[in-house]
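I opened my notebook beside the model to look up a few things. Here is what I went after, entry by entry.

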Amino acid sequence: MNKVFIDKWISQLKKGSLSFVILGVLACEQEYYGYDLIQEVKKKTTIDIAEGTLYPLLIRLKNEGLVESKWVPQKTGIPRKYYKITKEGQSTFLEMRSYWAGLNQHLTTLTHAL
């Protein structure tokens, strides 16, 4: 087994599916701020996302019109930026989920045939 190759493959797989994961968590119609979103992703998927990965992704999703954000004042005085999915984000997530389900079915068929 080539461990270096496997590690790179896993990293690319996680990176490639992160938009789908974030939209999937936000599709529950709940708003999250960054740290809370990281914790929710970890709880639901065991994927550990660094803040340095999450925020650029959220900016990209926002620029695509798939999520929106707002600042919410906190009792501590430091406002938090909350993110939620847009209607376009919801429909995009549903399309991604459909594609993912088909891909998963094909890969499962392939792996069972081996």
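I began with the burial terms: buried means under 20% relative accessible area, exposed means over 50%, and partly exposed is in between, with a 1.4 Å probe and protein chains only. This is a predicted model, so I kept in mind that local features need pLDDT of at least 70 and side-chain atom pairs count only at pLDDT 80 or more, while totals for chains, interfaces and linings use all residues. Residues are numbered from 1 along each chain as its sequence is written, and side-chain values use heavy atoms, with hydrogens and water left out.

**Entry: Ile-59**

Is Ile-59 buried or exposed? I found it exposed, because its relative accessible area is 52%. Ile-59 belongs to helix α3, residues 51-63. Helices here are DSSP runs of H or I with at least four residues, strands are runs of E with at least two, and both are numbered from the N terminus. I also looked up Ser-69, which is 10 residues from Ile-59 along the chain; their C-alpha atoms are separated by 9.6 Å.

**Entry: Ser-17**

Next I turned to Ser-17, in helix α1, residues 3-26. Ser-17 counts as buried because its relative accessibility is 10%. What does the side chain of Ser-17 reach? I found the backbone oxygen of Leu-13, at 2.9 Å. Ser-17 and Met-96 are 79 residues apart in sequence, and I read 9.9 Å between their C-alpha atoms.

Two packed helices are described by the angle between their axes and the distance between the axes. The axes are lines fitted to C-alpha atoms, for helices over the stretch in contact, and angles run from 0 to 180 degrees between N-to-C directions. Angles under 35 degrees count as roughly parallel, over 145 as roughly antiparallel, 65 to 115 as roughly perpendicular and the rest as oblique.

I took helix α2 (residues 34-45) as α1's partner to begin with: the angle is about 100° and the axes are 10 Å apart. The two helices are therefore roughly perpendicular to each other. For contact I used heavy atoms within 4.5 Å. On the α1 side I noted Val-21, Ile-22, Val-25 and Leu-26, which meet Leu-37, Glu-40, Val-41, Lys-44 and Thr-45 of α2. By class, this contact has six nonpolar, one polar and two charged residues. Ala, Val, Leu, Ile, Met, Phe, Trp, Tyr, Cys and Pro count as nonpolar, Asp, Glu, Lys and Arg as charged, and the others, Gly among them, as polar.

Then I checked α3, whose axis comes within 11 Å of that of α1 and crosses it at roughly 75°. This pair is therefore roughly perpendicular too. Here Leu-18, Ser-19, Ile-22 and Leu-23 of α1 meet Thr-53, Leu-54, Leu-57, Leu-58, Arg-60 and Leu-61 of α3. I sorted the residues of this contact into seven nonpolar, two polar and one charged.

**Entry: aromatic rings**

How many aromatic pairs does a search of the whole structure find? My search gave three. Rings of Phe, Tyr and Trp (its six-membered ring) pair if their centres lie within 6.5 Å; planes under 30 degrees apart count as stacked, over 60 as edge-to-face and the rest as tilted. Phe-20 and Phe-93 are stacked, because their ring centres are 5.3 Å apart and their planes are at 25°. Phe-20 lies in α1 and Phe-93 in helix α4 (residues 87-113), so this pair ties together parts that are 73 residues apart in sequence. Both are buried, Phe-20 at 16% and Phe-93 at 10%.

Tyr-33 and Tyr-82 form an edge-to-face pair, 5.4 Å centre to centre with 70° between the planes. Tyr-33 lies in strand β1 (residues 32-33) and Tyr-82 in strand β3 (residues 80-85), so parts 49 residues apart in sequence are tied together. I also noted that ring pairs link Phe-20, Phe-93 and Trp-100 into a cluster.

**Entry: positive phi**

Last, I looked at Glu-29, which has a positive phi of about 65° although it is not a glycine. Glu-29 is in the loop between α1 and β1, and it is exposed at 63%.

Technical notes: A polar contact is a pair of N or O atoms within 3.5 Å; within protein, one must be able to donate a hydrogen and the other to accept it, and residues adjacent in sequence count only if both atoms are side-chain atoms.
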